[in-house]
Amino acid sequence: MSNVVVRRIEIFLESEKLTYEAGLQPEKQRRLWKSDFRQQIEDTYNKLGGQAPDGLAEIEVPAYPIVYEGKAIVGNDELVYNRYAAVCLRAPFYSNIDGLNVEASLRYCRQFEVGCKKVGLIAGVWSNPVSNMHFGEASDPGDFFGNGSSGWKMLAFQHLLRDMLARLDGYEVLHFSIYDQIMSGGKLLTVGELMKSPSGEHYASFVKYLRRRLGLPAVAAEKPV
């Protein structure tokens, strides 16, 4: 699933004339069930209230949003952060992922779930037939007193599967969050706020942040004439 964070990273890579692949669909997804991650997958599924373990291997693993220089790059927008994502982030797998600040992500899940509600209550996102089959019939949109959102549970679970499969494919998993903060112009701003600036100091701060996270030189090297 593409989002505004992914698209801005793509625009940056294109402006630097750097080669990348977008929406790369992982192959041989069943490798997950023969890997060392299997027990973690089953444990997390159960913690989310999974009800169809026999169909676990049929859950679709999302594409890697961007693949660049051995990195599977993920852009996390408002829809990513909620109570179910927090369950998945507590999987032991993430303790070994340098490209994701787990503590910050857990904080975003607590602090910004309201942002997820703004975009995640629509039909097909809050619930859908596949998510209901795996996690039970969803409550009414926005109601967490019953079963909550089967769709949010499924999306969080799929993101865990995607990151695990990326590791099996040998990629470094690198997450960018809309809520990460950067100092710019003497103020602490979120990546989401910086992305709204098409030019100027805030845009320069955003580009500097991208270059640092992607392992690029702080200033682009001059091209030979």
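Biologist: What volume does the second largest pocket have?
Modeller: Heads up, this is a predicted model, so local features need pLDDT of at least 70 and side-chain atom pairs pLDDT 80 or more, while totals for chains, interfaces and linings use all residues. Residues are numbered from 1 along each chain as its sequence is written, and side-chain values use heavy atoms, without hydrogens and water. A pocket is an open set of points on a 1 Å grid over the protein atoms alone, with protein on both sides within 12 Å along at least five of seven lines; its volume is the space filled by probe spheres set on points joined across faces, edges and corners. For the second largest pocket that comes to about 220 Å³.

Biologist: Which element gives the most to the lining of the second largest pocket?
Modeller: Lining residues have an atom within 4 Å of a point, and this pocket has 19 of them, with Asn101, His175, Asp180, Tyr209 and Arg213 the closest to its centre. Helices (H or I, at least four residues) and strands (E, at least two) are DSSP runs, numbered from the N terminus. At least two lining residues each come from α4 (102-111), β4, β5 (181-184) and α9. The top contributor, with 4 residues, is α4.

Biologist: β4 is on that list, so where does it sit in its sheet, at an edge or in the middle?
Modeller: The open sheet has 4 strands in the order β1-β2-β3-β4, with mixed pairing (a pair needs at least two DSSP bridges). β1 (21-24) and β4 (172-177) each have a single partner strand, so one side of each lacks a neighbour in the sheet. That puts β4 at an edge.

Biologist: And β5: which residue in β6 is the bridge partner of glutamine 181?
Modeller: β5 and β6 (residues 187-190) run antiparallel, joined by 4 bridges. They form a hairpin with 2 residues between them, and glycine 185 in the turn shows a positive phi of about 60°. Glutamine 181 pairs up with threonine 190.

Biologist: Which element gives the most to the lining of the largest cavity?
Modeller: A cavity is a set of grid points where a 1.4 Å probe fits but cannot get out, and the whole structure has 3 of 30 Å³ or more. The largest has about 150 Å³, and Val80, Ala85, Leu89, Tyr94 and His159 are the closest to its centre among 15 lining residues. Two or more of the lining residues come from each of α3 (83-89) and α7 (150-168). With 5 residues, the biggest giver is α7.

Biologist: How many lining residues of the second largest cavity come from α9?
Modeller: About 40 Å³ of space lies in there, lined by Arg8, Ile11, Phe12, Tyr203, Phe206, Val207 and Leu210. α1 (4-15) and α9 each supply at least two. The largest share is α9's: 4 residues.
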